[in-house]
Amino acid sequence: MLSGVMAAQLVVALLALTSLCAAAPQHDCKELVKPLVLDSHSPIYGKWVLHVASWDEHGLKSDLVAVNASWVEISSSSDTNHIDVYWADRLGEKCLQGLANATVSGMTSHTTFNINGHTSYHEGKYYETCADCLLSEDTTLLPDGKSKGRYLFLFTKSGNVDPSEIETYKRQAECLNFPEENIYQFGTGELCPDDRKTASAATETTEA
């Protein structure tokens with residue numbers, strides 16, 4: 001049996017260890033998950049290829065893994081509070097793509113997608129990440145405004161990313177309370193062609 005002094009010392013040591021263990025993740029998460037400042041929205045402009053994603057609700061997995069490859073292009077709009085989001089998803093041999101309406105307020109974007117007559121609403125938050133990468137937390141909203149669940153998307157300019165950055169992404173996902181096992185890494189599926197370019201080429205040919 002431990003003496004009173006030894007027992008007290010053990011309690012103090014355990015409390016110190018518990019405090020250290022609890023503080024370390026918080027400190028790490030503060031460094032790992034920093035909101036991306038969107039002063040001009042330019043940090044998120046450009047074409048991005050989806051590389052890896054996580055989800056926090058079981059029902060979201062089927063929608064995610066049905067996509068073989070995906071890309072988005074974010075660009076400025078004539079309205080300073082809006083951005084244009086052109087998206088393209090490959091589902092097997094089929095490509096779905098279109099232009100989404102997005103508004104930006106502070107560090108949050110609100111995007112409305114219309115796909116085959118169905119409308120879905122999303123709230124996005126962006127975080128600092130690797131160079132030529134885009135880290136986006138996407139909350140899918142129900143018509144009544146309640147959350148259906150969240151995704152955490154890591155996009156890259158090329159569709160490729162260093163393995164060390166994947167490990168960083170996993171820690172970021174943990175900080176944002178995404179289950180560790182809920183991660184899906186996209187393969188090398190063929191990206192959908194940009195229908196806008198096809199349509200533009202067809203118009204030029206007709207006019208010629």
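Reader: What does the protein chain average in pLDDT?

Author: The average is 79, and 77% of the residues score at least 70.

Reader: Where in the protein chain is confidence lowest, and where is it highest?

Author: The lowest mean, 49, belongs to helix α1 (residues 4-32), while strand β1 (residues 46-55) has the highest, at 95. Over residues 4-27 the pLDDT is below 50, and this stretch makes two contacts beyond near neighbours in sequence. Residues 201-208 also have a pLDDT below 50, with zero contacts of that kind.

Reader: How should I treat such stretches?

Author: Where pLDDT is low, the predicted coordinates should not be read in detail.

Reader: Now the threonines. Is Thr140 buried or exposed?

Author: The general idea is a cut-off: a residue is called buried when its relative accessible area is under 20%. Thr140 has 9% relative accessibility, so this residue counts as buried. Thr140 sits in strand β7 (residues 133-141).

Reader: Which residues does Thr140 touch?

Author: Setting aside residues up to four places away in sequence, Thr140 touches Tyr121, His122, Lys146, Ser147, Lys148, Gly149 and Tyr151.

Reader: And what about Thr139?

Author: Thr139 is also placed in strand β7. With a relative accessible area of 12%, Thr139 is buried. Apart from neighbours within four places in sequence, Thr139 has contacts that include Tyr121, His122, Glu123 and Arg150.

How values were computed: Residues numbered from 1 in each chain as written. Predicted model: local features only at pLDDT ≥ 70, side-chain atom pairs only at ≥ 80, totals over all residues. Heavy atoms only, no water. pLDDT = per-residue confidence, 0-100. Helix = DSSP H or I, 4+ residues; strand = E, 2+ residues; numbered from the N terminus. Contact = heavy atoms within 4.5 Å. Buried < 20%, exposed > 50% of the residue type's maximum accessible area, 1.4 Å probe, protein only.
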